[in-house]
Structures are given as structure tokens and as C-alpha cells.
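Student: I have a model open on my screen and I'd like to learn how to read it. Can you walk me through it?

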Amino acid sequence: MPTGSGKTKTTMEIISDYLRCRSINTGFEKKTGIVWLAHTKELCQQSSESFRLTWDLRGDTAIDVYDLYGDNEYPEKLLDSEKFIVFAGFQKMHALRNSNKDLQKKIKRKLRNDTNLVIVDEST
């Protein structure tokens with residue numbers, strides 16, 4: 001799709017459908033994790049805001065939203081989340097991957113075990 005045609009908004013609608021259908025189709029399976037990756041803080045921020053607005057309109061359950069880009073701290077609350085979406089920058093994820101700190105190791109394990117969907121925005 002060309003620039004300005006609504007790729008982000010369209011994808012947020014797809015994610016919302018995915019989340020709603022997953023809660024219906026998987027029954028008692030409560031864990032659902034999504035990771036959205038982008039190169040810049042601006043793309044992550046724009047995507048996070050777009051999801052929040054879309055989910056406010058379309059969402060049917062609570063979902064935890066975490067921003068993991070730029071100067072944002074690693075969110076310890078993520079470790080207890082059953083339904084989450086993480087908007088992450090490539091640099092922050094690379095730092096997470098290479099970290100030996102206890103919290104980062106736990107977050108890395110959480111993302112590896114509980115992520116069901118990964119979206120890459122503006123891949124080059």
C-alpha cells in the first residue's frame with residue numbers, strides 16, 4: 001500500500017479482529033501476546049496510539065499495552081500480563097536480546113514463550 005493509504009489503521013483493525021477471534025476460538029487459553037516492531041520511535045509511538053484508539057472502539061476484553069522503545073523502561077508488569085501487545089523498537093529489542101540483567105532475561109523469556117503474533121512495520 002502506498003504512503004498515507006492507511007496501512008497502520010488497517011493493521012490495527014486486523015489485530016483487533018485477531019484478538020477478538022482468538023478469545024472466542026481458543027476458549028480457556030488466556031495467554032495472547034503480540035509484538036509490533038518498528039525502526040523509529042515515531043513509528044512505534046504512532047502505532048501504539050493507533051492501537052489504543054482502535055481497541056477503545058473495537059475491543060471486547062482488557063489488554064495490556066507496553067511501549068518498549070526510546071527511553072522507555074523495561075516494563076516489569078509485562079511479566080504478569082496474560083493478554084498484551086508490545087510496541088518495540090529494533091534497538092531496544094536488540095539491547096534486550098543482549099542483556100544479562102535479571103529483569104531483561106525474564107522479559108525476553110516471556111516474549112519468547114507468550115508471543116503469538118509479530119508484526120514488522122516499515123521493514124527495509
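Student: Where do I begin, and what average pLDDT does the protein have?

Tutor: This is a predicted model, where local features need pLDDT of at least 70, side-chain atom pairs count only at pLDDT 80 or more, and totals for chains, interfaces and linings use all residues. Residues are numbered from 1 along each chain as its sequence is written, and side-chain values use heavy atoms, with hydrogens and water left out. pLDDT is the predictor's confidence in each residue, from 0 to 100. Where it is low, the predicted coordinates should not be read in detail. Here the protein averages 89, and 91% of the residues score at least 70. Among its elements, β2 has the highest mean (97) and α1 the lowest (82).

Student: How do I read the sheet, and in which order do its strands come?

Tutor: Strands of a sheet pair through backbone hydrogen bonds, either parallel or antiparallel. Helices (H or I, at least four residues) and strands (E, at least two) are DSSP runs, numbered from the N terminus. Two strands pair if DSSP finds at least two bridges between them. In this open sheet, the four strands go β2-β3-β1-β4, with parallel pairing. At the edges sit β2 (64–68) and β4 (117–120), each pairing on one side only. From one strand to the next, the twist averages 15°. Look at β2 and β3 (residues 83–89): five bridges join them, and D64 stands opposite F84 in β3.

Student: What about helices? At what angle do α3 and α4 cross?

Tutor: Two packed helices are described by the angle between their axes and the distance between the axes. Axes are lines fitted to C-alpha atoms, for helices over the stretch in contact, and angles run from 0 to 180 degrees between N-to-C directions. For α3 (residues 90–98) and α4 (residues 102–114), the axes come within 8 Å and cross at roughly 110°. That makes α3 roughly perpendicular to α4 (angles under 35 degrees count as roughly parallel, over 145 as roughly antiparallel, 65 to 115 as roughly perpendicular and the rest as oblique).

Student: Which residues of α3 and α4 meet?

Tutor: Contact means heavy atoms within 4.5 Å. M93, L96 and R97 in α3 meet Q104, I107, K108 and L111 in α4.

Student: Last one: is T8 buried or exposed?

Tutor: Buried means under 20% relative accessible area, exposed over 50%, partly exposed in between (1.4 Å probe, protein chains only). T8, in helix α1 (residues 7–25), has 18% relative accessibility, so T8 counts as buried. Beyond its neighbours within four places in sequence, T8 is in contact with S47 and S50.
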